Amino acid sequence: MRTSPVKLWRRQKDTIAVIGKTGKILLWTIIRVPAKTFTDQAPYPVVIVKMDDGKKMVGQLVDFAKENLITGQKVQAVLRRLKTEGQEDAIYYHIKFRPI
Amino acid sequence: MRIGILSEARAVRGPERSRGRMYSMKINILGTATTKFGELWDISPRELAREAMSGALRASGLRPSQIDALFVGNMLSGILGNQTNLASLIVEELGAQVPAFRIEGACASGGLALHNAINSLNAGKYKTVLVLGLEKMTDHSQDEITSALSAAGSDEERMSGLTFPGIYALMAKAYMQAYNVSEETLAAVSVKNHYHGSFNPKAQFQSIITVGDVMRSPKVADPLKLLDCSPVSDGASAVVITSDILIKSKNPVTIIASEVATDTLGLYTRKSFTSLSAVVTACQKAYQAAKIKPTDIDVAEIHDCFSISEAIAVEDLGFSKKGEGAKDIADGKTTLFKGKIICNPSGGLKACGHPVGATGIKQIVEITEQLRGTAGRRQVKGAKIGLTHNVGGSGAVAAIHILKGSAI
């Protein structure tokens, strides 16, 4: 099913508030069998991050080297295109993390 | 009927007053049935439902007209089957146009359906009801199934590209790091469950596997490999339960506790990644209601959607000490013919199969057979008390049932 553009619009203020914030990787995995809209990105790592303000977040890790896949790795929240949309869909941008 | 709408002032008093009250359950299981679990391409959801329901009715010695209501546990009929009035569809197959309800709670849909059915009996609304768990999954491709199952997760987890195996993979990482457990030790869970499945003619997989087989299977989400994961399955299971003391059963099995608890939808915000608080809460309430200790359990059906799930479950249920669950399973402490509390004699989700909505009811079917002494080659000798552990999502909801036999 398509993601509603209204839903994207409603979420964007939460997304914007997180861009640039930093934290540390708590746990990581590599997804090798993805859901449909993520198939062209697999395999990709997903991390649970403890942000510097103590809040926990979850997201894809991007621009990484193998040695970045460790608990304690410092990361920063960045805005990225999320997944592959259908031709009629709004393009979906969301938070991912990159090692710093 | 006297049902009031509580004003604010009375709402404060209400829950406190009712907290200490303990209902005494007297609900008998009259009959059970389950279809074969597996890739049943030639069998439709209707046919699966019909087979399970007519089997359970036959086993109870009841006619459809003696059933007061139908409860259907199902997760995916809306998303995969494009059917969101499932209970009305299924009741056509029952042969009596009774009130029918579809209950959904991800992989715990079956357990939740039973819990709701029991509540309706305890409330005195119905006396004899049929509970069906049903799922048809293999009509669809792997990425469609992966997407549909991830609908049980939180938005944030889905947007991060996490899959259901991915969420449990994160738990496995946390568990392995915290307790210094190897992938090989976790693999022993699947090995044990395939061994049990080899004695179950209804199981999707009846083949024995080794730790090496698990280790060599392709990775799904590190550190979980294909053989750490339960399969995609079709199947249906049904039970007929009653509160009517006039209906006699030759070999009665009684449900002595039925508890449900919830936790946050997503895993990532939780305090602990190595324990499911919904399971801990529900089982503690259930033990209290049944007035038993974890060690009184002889046989349990565990929700092993992944190998890590069973390791964490035996700890949360109080069968193993914290951090020792995987090791205990690997040491055979829950294995048929040698363990003390036998876990997943059916083969569990891993080997028996996991048609998600059916699983919670299949667990009841298995424990009922075990307590009646009719489980054949996989019989747990002298089993008197059994437990079912049914979990939805990544532990967002858990349903625990405790059953007592009278055969011995």
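**Note on a predicted two-chain model**

1. In chain B, helix α14 (residues 356-372) lies across β1 (27-34), β2 (69-73), β4, β7, β8 (253-262), β9 (299-301), β11 (385-392) and β12 (397-405), and runs at about 125 degrees to β4(B). Helices (H or I, at least four residues) and strands (E, at least two) are DSSP runs, numbered from the N terminus. Axes are lines fitted to C-alpha atoms, for helices over the stretch in contact, with angles from 0 to 180 degrees between N-to-C directions. Two residues are in contact if their C-beta atoms, placed from the backbone, lie within 7 Å.

2. On provenance, this is a predicted model, in which local features need pLDDT of at least 70 and side-chain atom pairs count only at pLDDT 80 or more, while totals for chains, interfaces and linings use all residues. Residues are numbered from 1 along each chain as its sequence is written, and chains are lettered from A and ligands numbered from 1 in the order in which they are written.

3. The sheet of chain B deserves attention next. Its 10 strands form an open sheet with mixed pairing, in the order β3-β2-β4-β7-β1-β8-β12-β11-β9-β10. The edges are held by β3 (100-103) and β10 (342-343) of chain B; each has a single partner strand, so one side of each is left without a neighbour in the sheet. Strands are taken to pair if DSSP finds at least two bridges between them.

4. Strand β4 (residues 128-135) and strand β7 (residues 235-242) of chain B pair in the antiparallel sense, over eight bridges. Within this pair, B:Leu130 has B:Val240 of β7(B) as its bridge partner.

5. The largest nonpolar core has 148 residues, and the members that touch the most others are B:Leu70, B:Leu130, B:Val131, B:Leu132, B:Ala238, B:Ile241 and B:Ala398. Helix α7 (residues 164-179) of chain B gives the most to this core, with nine residues. Such a core is a set of buried Ala, Val, Leu, Ile, Met, Phe, Trp, Tyr and Cys residues joined through C-beta atoms within 7 Å. A residue is buried if 20 or more other C-beta atoms lie within 10 Å of its own, exposed if 12 or fewer, and partly exposed in between, with C-beta atoms placed from the backbone.

6. For B:Val131, contacts beyond its neighbours within four places in sequence are with B:Phe71, B:Ala113, B:Leu114, B:Ala117, B:Ala238, B:Val239, B:Ile241 and B:Ile361.

7. Chain B as a whole comprises 14 helices and 12 strands. Its radius of gyration is 20 Å, close to the 22 Å that the globule rule gives for 408 residues, so chain B is as compact as a globular protein of that length. The radius is taken over C-alpha atoms, and the globule rule is 2.2 Å times the number of residues to the power 0.38. Buried residues account for 59% of the 408 residues of chain B. Of the chain B contacts between residues at least 6 apart in sequence, 77% join residues at least 24 apart.

8. Chain A has one helix and five strands, which run α-β-β-β-β-β from the N terminus. The radius of gyration of chain A is 14 Å, close to the 13 Å that the globule rule gives for 100 residues, so chain A is as compact as a globular protein of that length. Its C-alpha trace spans about 40 × 30 × 15 Å along the principal axes, and 31% of the 100 residues in chain A are buried.

9. At the interface, 23 residues of chain A are in contact with 26 residues of chain B. On the chain A side, β1 (22-31), β2 (44-51) and β3 (56-60) are the elements that give two or more residues. That side has 14 nonpolar, six polar and three charged residues. Here Ala, Val, Leu, Ile, Met, Phe, Trp, Tyr, Cys and Pro count as nonpolar, Asp, Glu, Lys and Arg as charged, and the others, Gly among them, as polar.

10. The peptide bond from A:Ala42 to A:Pro43 is cis, with omega near -5 degrees; A:Pro43 is in the loop between β1 and β2 of chain A. A cis peptide bond also joins B:Asp222 and B:Pro223, with omega about 5 degrees, and B:Pro223 is in the loop between β5 (219-221) and β6 (224-225) of chain B.

11. B:Lys291, a residue other than glycine, has a positive phi near 55 degrees and counts as exposed, with 11 C-beta neighbours inside 10 Å.
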